[in-house]
Amino acid sequence: MRAFEAEELPGKLIAVEGLDGSGKSTQIHLLHQWLKGKGYRVFFTEWNSSVLVREATKKGKKRQLLTPTTFSLIHATDFADRYERQMLPLLRAGYLVLCDRYMYTSFARDAVRGCDKAWLRNLYGFARVPDITFFFRLPLDVALGRILEGRPQLKYFEAGMDLGLSLDIAESFRIFQGRVLDQYLAMAEEFGFTVLDATRSVHAQQKEMRAIFQKRIDLAAFHKRFVQ
Amino acid sequence: MSPKRFYGISPAGIDVAKLSGQLIVIEGPDSSGRSTHIDLLAQWLEEQGYAVAQVGLKRSTLVGAELERAKEGNVLSPRTLSLFYATDFYDQFENRIVPALRAGFVVLADRYIYTLMARDIVRGAEPGWVASVYSMALVPDAVFYLVVSLNTLVERTFQSHLELGYWESGMDCGLSRDWFQSFVRYQKKIRNEFLKMQKLYGFQAVNANRAIPAVDRDLKVRIQQVLQRTE
């Protein structure tokens, strides 16, 4: 099944990655709106959103049933469901597929939780490396500030409380996010992330993102065909 | 006490040196008599003073119910189904098998990673990928593989259900439109995978074409040896 990796597909795969609070979801939303408005074939998908798997994930998180291994596997199940039923068929059909978070989210978070890195990479071995992975780089304290000021209701797993880093949820979140950032930075080169400075204004970032996008992808090929 | 090891890497947070119980796996197709024999073994072990824990597939609190529902709808891709099963396996592994072994129980597993791997491989998964997914599983103290001829299998399946199940017949694999043909071909494919794994993982084959008491005696003799060896 890994043979797909080498196969040239008519579609293009674009992912955004970054810490909570880095603004990546806003940026990919704006990119999506722009591409839709221009009439391109485009599809958007989010981490942890498969209808089939979501119930189990929700239950696991709520009851705090998840271990590092099952946390990782349940997200991989969600990813595989979306990948095989939506992302891959749409790439074959010549779509621009936009992903809010991709396997690198798992590589970063699950490694912090103690999962073996080689095991994680093999787990996602069936997934294509995106044509562009935008990484929204932000100093840790800025990202933390954005989250901790605006959204004080942190969730258990989101704050890495399962790691026992601190009994204080905000403190646990700080330590956890710091470690996740280290993992991302270490991966930036390995996976050829396109690093964007996320401290700038939303508009300035979006302009740069669109410029890079246009340079790297031949958009003319993605105009909607008129079907009678 | 038996020294334990994992097939590959150890899962985060599990100290293998503290696992003092024994893990005994019974593998074999549906209608090979697995659950009957496990019940008999559990009773016998408890009579001898061993604490017993029984585990199986698709029984996890985390995803057991969702997995059952997803299978009814038959809408999951093979890889999603295989990862769902892996989640179910590790949930039970970390939350039931490992704690029971730590407490010194004899764990009787009604199937283990081998069935899961064989099913995935028959459905086109790369053997290397599957082996890596399950590489954090503990190597059991013994694996007994109940071998039943195809004729016996068909006969027993009809005796107990009067019909062939969708998944046990591999109807999702497109082997044949004929249900019976598909069952035969699918079971042969699964068996071939098991034969390959038998050498690789050192299963003990048990002839389960025989009457229940004969197979039961056979299993007890062999398990007695395992217990003597590992205590």
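Let's start in the loop between β1 (22-27) and α1 (34-47) of chain B, where S31(B) is found. Helices here are DSSP runs of H or I with at least four residues, strands are runs of E with at least two, and both are numbered from the N terminus. S31(B) has a positive phi of about 70°, although it is not a glycine. Is S31(B) buried or exposed? It is buried, because 21 other C-beta atoms lie within 10 Å. The cut-offs are these: 20 or more other C-beta atoms within 10 Å of a residue's own make it buried, 12 or fewer make it exposed, anything in between is partly exposed, and the C-beta atoms are placed from the backbone.

A word on the model before I go on. It is a predicted one, so local features need pLDDT of at least 70 and side-chain atom pairs count only at pLDDT 80 or more, while totals for chains, interfaces and linings use all residues. Residues are numbered from 1 along each chain as its sequence is written, and chains are lettered from A and ligands numbered from 1 in the order in which they are written.

N48(A) is partly exposed, because it has 17 other C-beta atoms within 10 Å.

Now to chain B as a whole. It has eight helices and five strands, and from the N terminus on they run β-α-β-α-α-β-α-α-β-α-α-β-α. The C-alpha atoms fill a box of roughly 50 × 40 × 30 Å along the principal axes. For 231 residues, a compact globule would have a radius of gyration near 17 Å, and chain B agrees, with 17 Å; that radius is taken over C-alpha atoms, and the rule is 2.2 Å times the number of residues to the power 0.38. Of those 231 residues, 42% count as buried.

How do the two chains meet? In contact are 28 residues of chain B and 28 residues of chain A, where contact means C-beta atoms, placed from the backbone, within 7 Å. On the chain B side, α2 (64-73), α3 and α5 (127-133) each supply at least two residues, and α3(B) gives the most, with nine.

Leaving out residues up to four places away in sequence, V97(A) touches G11(A), L13(A), I14(A), F43(A), M87(A), L90(A) and L91(A).

Last stop, α3 of chain A, residues 68-92. Its 25 residues reach 33 Å from first C-alpha to last, close to the 36 Å expected at 1.5 Å a residue; that expected span is 1.5 Å times one less than the number of residues. Where does α3(A) bend? The bend is at Y83(A), by about 50°, as the angle between axes fitted to the seven residues ending there and the seven starting there. Just after α3(A), G94(A) takes a positive phi of about 85°.

Conventions. Contact = placed C-beta atoms within 7 Å.
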